[in-house]
Amino acid sequence: MKKLIAAFYIFIAFTGWSQENKVPEDFSIVAGAGLSHVFGGDKLDPSFAYFFGIEKNVVQFGEKSFLNMGIVYSVQGAEYSEIIIENDGTQSGKITLGYIGVPILYRHRSAGGFFWEAGLQTGFLVRGKDHPDNGDKADYKEAVKTVDISIPAGIGYWVNRRFSIGARAVYGLTDMSGNGAKIPPANSNHQNFLIAAVLRFNITGK
């Protein structure tokens, strides 16, 4: 799968280079906030999440469709409540994970300003922390796989040439558990899901 992902990125880069004269000179700042959740385990609840980054159209198809690439930093994770049998009690807290992501999105815009987008994103884990409600926070990076492959998809509306608002979901395809993962304790096939409001500002105005 890694070879397929690498080949896909190389193809996109080559296609963008070969058609660079057809791409408008635009450069966007994207940011959003919402909820993140890890599927596949018990006692896991959604947690606050956010992301920000930059995007650039690299290929244009006709007048209203584009292939877009970007670099984003996202903070996501989940809240948990884990039963501690020996203490006959419950330990709760939150896992936060920081990723640098490289999304590639196909985006189509309608005549009325509405748009939809979907694609592929590769995320690289740069930070992982366990924040128990009772006790000191601990490093959690070693318990999660370094590379996360996901499918981003979203909808939105361009208010004017410079500003748009919308929603984006990112559904994870990768089993996030690494060696020593503690949450969820009995199921390692969990995935991340993020939905957030997106504010996009085109600094060129084109």
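Reader: Thanks! Which residues do ring pairs link into a cluster?
Author: Phe61, Tyr106 and Trp116 are the ones joined that way. Rings of Phe, Tyr and Trp (its six-membered ring) pair if their centres lie within 6.5 Å; planes under 30 degrees apart count as stacked, over 60 as edge-to-face and the rest as tilted. A word on the source: this is a predicted model, where local features need pLDDT of at least 70, side-chain atom pairs count only at pLDDT 80 or more, and totals for chains, interfaces and linings use all residues. Residues are numbered from 1 along each chain as its sequence is written, and side-chain values use heavy atoms, leaving out hydrogens and water.

Reader: How many aromatic pairs does a search of the whole structure find?
Author: The search turns up 6. In one of them, the ring centres of Phe48 and Tyr50 are 6.1 Å apart with planes at 40°, so that pair is tilted.

Reader: And Phe48, is that buried or exposed?
Author: Phe48 is exposed, at 56% relative accessible area, while Tyr50 is partly exposed at 33%. (Buried means under 20%, exposed over 50%, partly exposed in between, using a 1.4 Å probe and protein chains only.)

Reader: Switching topic: how many salt bridges does the structure hold?
Author: There are 4, each being a side-chain nitrogen of Lys or Arg within 4 Å of a carboxyl oxygen of Asp or Glu. Glu55 pairs with Arg107, with the closest N and O atoms 3.2 Å apart. Glu55 lies in strand β3 (residues 47-61) and Arg107 in strand β5, so this bridge ties together parts 52 residues apart in sequence. Strands here are DSSP runs (E, at least two residues), numbered from the N terminus.

Reader: What does Glu117 form a salt bridge with?
Author: Arg168 is a partner, with closest N and O atoms 3.1 Å apart. Salt bridges with shared partners join Glu55, Arg107, Glu117 and Arg168 into one network. Glu117 also meets Arg107, at 2.7 Å from N to O. Both Glu117 and Arg107 are buried.

Reader: One more: where does Thr96 lie?
Author: Thr96 is in strand β5 (residues 89-109), and at 11% relative accessibility Thr96 counts as buried.

Reader: What does the side chain of Thr96 make a polar contact with?
Author: The side chain of His131, at 3.1 Å. A polar contact is a pair of N or O atoms within 3.5 Å; within protein, one must be able to donate a hydrogen and the other to accept it, and residues adjacent in sequence count only if both atoms are side-chain atoms.

Terms used. Helices (H or I, at least four residues) and strands (E, at least two) are DSSP runs, numbered from the N terminus.
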